Amino acid sequence: MLPYTICFIKRGNEILLLNRNKSPLMGMWNGVGGKVEKEETHEQCVIREVEEETGITLSHVDYKGTITWNVDDSPLSGMYAYLANVPETFSYDTPIQTREGVLEWKDISWILHQENKGVVSNIKYFLPYMLRDNKLYTYHLVYKQDQIKQFTANEKDYMHKANY
């Protein structure tokens, strides 16, 4: 079982991101989520974490697969990835300061822009797959000295592998 979950809440062409005020990834924009607690499923975890971090109670989340990584020679770690779609009319005014950081709706093109250094670096690799279709993927990243050196996305009938 993987230790973490992450959720991207989508409203039209925007996604609600959290700019973290604590390590790890302090000062970076990311989805919301956290650590899976004992006796909790990853779906229960992501729904709980979204409510704790945003105040939003989700009735449905779409499981999008797993994201795993190796950093240098460390053991494998990872998270369960989810996407939650809310209506474009969903009212949730941002920015909002929380104990975790600042929540704000960000345009998808801004999030995925190649020159955007303020978003957690791995998002640009897996988020396009999550937004593209309803397939489940297994994503894997290999980091060497804080740089992504390899990304793999596997789906039943598809595999994409890139070295950097």
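## Nonpolar cores

The largest nonpolar core holds 26 residues. A nonpolar core is a set of buried Ala, Val, Leu, Ile, Met, Phe, Trp, Tyr and Cys residues joined through side-chain atoms within 4.5 Å; buried means under 20% relative accessible area, with a 1.4 Å probe and protein chains only. Phe8, Ile67, Ile123, Phe126, Met130 and Tyr139 have the most contacts inside this core. At least two of its residues come from each of β1 (4-11), β2 (14-20), β5 (62-71), β6 (77-86), α2 (108-112), α3 (123-132), β9 (137-144) and β10 (147-155). Helix α3 gives the most, five residues. Another core, of 18 residues, lies apart from it and includes Val61, Tyr80, Tyr82 and Val86.

## Basis of the values

This is a predicted model, in which local features need pLDDT of at least 70 and side-chain atom pairs count only at pLDDT 80 or more, while totals for chains, interfaces and linings use all residues. Residues are numbered from 1 along each chain as its sequence is written, and side-chain values use heavy atoms, with hydrogens and water left out.

## Tyr139 and Thr66

Contact means heavy atoms within 4.5 Å. Leaving aside neighbours within four places in sequence, Tyr139 is in contact with Lys64, Thr66, Ile67, Thr68, Phe126, Tyr129, Met130, Phe151, Thr152 and Ala153.

Thr66 lies in strand β5 and counts as buried, because its relative accessibility is 15%. With neighbours within four places again left aside, the contacts of Thr66 are Leu2, Met79, Tyr80, Tyr137, Thr138 and Tyr139. Thr66 and Lys10 are 56 residues apart along the chain, and their C-alpha atoms are separated by 19 Å.

## Fold and dimensions

The protein chain has three helices and eleven strands, in the order β-β-β-β-α-β-β-β-β-α-α-β-β-β from the N terminus. Helices (H or I, at least four residues) and strands (E, at least two) are DSSP runs, numbered from the N terminus. The radius of gyration is 15 Å, close to the 15 Å that the globule rule gives for 164 residues, so the chain is as compact as a globular protein of that length. This radius is taken over C-alpha atoms, and the rule is 2.2 Å times the number of residues to the power 0.38. The C-alpha trace spans about 40 × 40 × 30 Å along its principal axes.

## Burial and contact range

Of the 164 residues, 48% count as buried. Among contacts between residues at least 6 apart in sequence, 57% join residues at least 24 apart.

Technical notes. Buried < 20%, exposed > 50% of the residue type's maximum accessible area, 1.4 Å probe, protein only.
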